[in-house]
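Please consider the structure shown here together with its sequence.

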Amino acid sequence: MAEAELTSTITLTSDYDFRGITQTAQDPALQGSVDLALESGAYLGIWASNVDFGDDTDSDVETNLLGGYAGSINDDLGYDVGAVIYFYEGSDDDIDYMEVYGGLNYKILSTMLWVSPDYLNSDDSAFYLEANLEGGSLPFELGWLVHLGYSGGEFFSDAEDNG
């Protein structure tokens, strides 16, 4: 019989930023998640947050559904692959979209590539490449994280060309 772990989070934050861009017009956000991880490495989750894109869209809530598979090749090297669908409730604009992702982690280093063939339902593709260094060993059981990210693809090239 497969074992499963069910976890959840509730977060109150001063501003919901996604890849360096505010999603709440620099206002606070209340966020929550529920995740199910199976012993096999498969996982499913749902995450939600309030959003405020100003006059650009009427959406007040973002909901993400995700699923994937994470495993390890050896004690130091692991991988994670999956997909996430972003839904924006209450919006007259259809900006829902999907990303697929894949990544590797080696000790304290992890990398991930996120790809959307139709970013924000714009008919343009986009990608996000990230690298992270993460560790512990700070006082009071604190850890540290260094994150670098880069957004690219047709969506961002077209925005530059039109902006």
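Predicted model: local features only at pLDDT ≥ 70, side-chain atom pairs only at ≥ 80, totals over all residues.

Residues are numbered from 1 along each chain as its sequence is written, and side-chain values use heavy atoms, with hydrogens and water left out.

**Salt bridge**
- The count is one salt bridge, defined as a side-chain nitrogen of Lys or Arg within 4 Å of a carboxyl oxygen of Asp or Glu.
- The side chains of E99 and R19 form this contact, at 2.8 Å from N to O.
- E99 lies in strand β8 (residues 97-106) and R19 in the loop between β2 (17-18) and β3 (21-22), 80 residues apart; strands are DSSP runs of E, at least two residues long, numbered from the N terminus.
- E99 has a relative accessible area of 1% and is buried, whereas R19, at 22%, is partly exposed.
- Buried means under 20%, exposed over 50%, and partly exposed in between, with a 1.4 Å probe and protein chains only.

**Largest pocket**
- The lining of the largest pocket comprises 19 residues, with F18, N64, L66, Y86 and W114 nearest its centre.
- A pocket is an open set of points on a 1 Å grid over the protein atoms alone, where a 1.4 Å probe fits, with protein on both sides within 12 Å along at least five of seven lines; lining residues have an atom within 4 Å of a point.
- Strand β7 supplies the largest share of this lining, three residues.

**Second largest pocket**
- The second largest pocket is lined by 16 residues, and I21, Q23, F53, Y119 and L120 lie nearest its centre.

Note on methods
Helix = DSSP H or I, 4+ residues; strand = E, 2+ residues; numbered from the N terminus.
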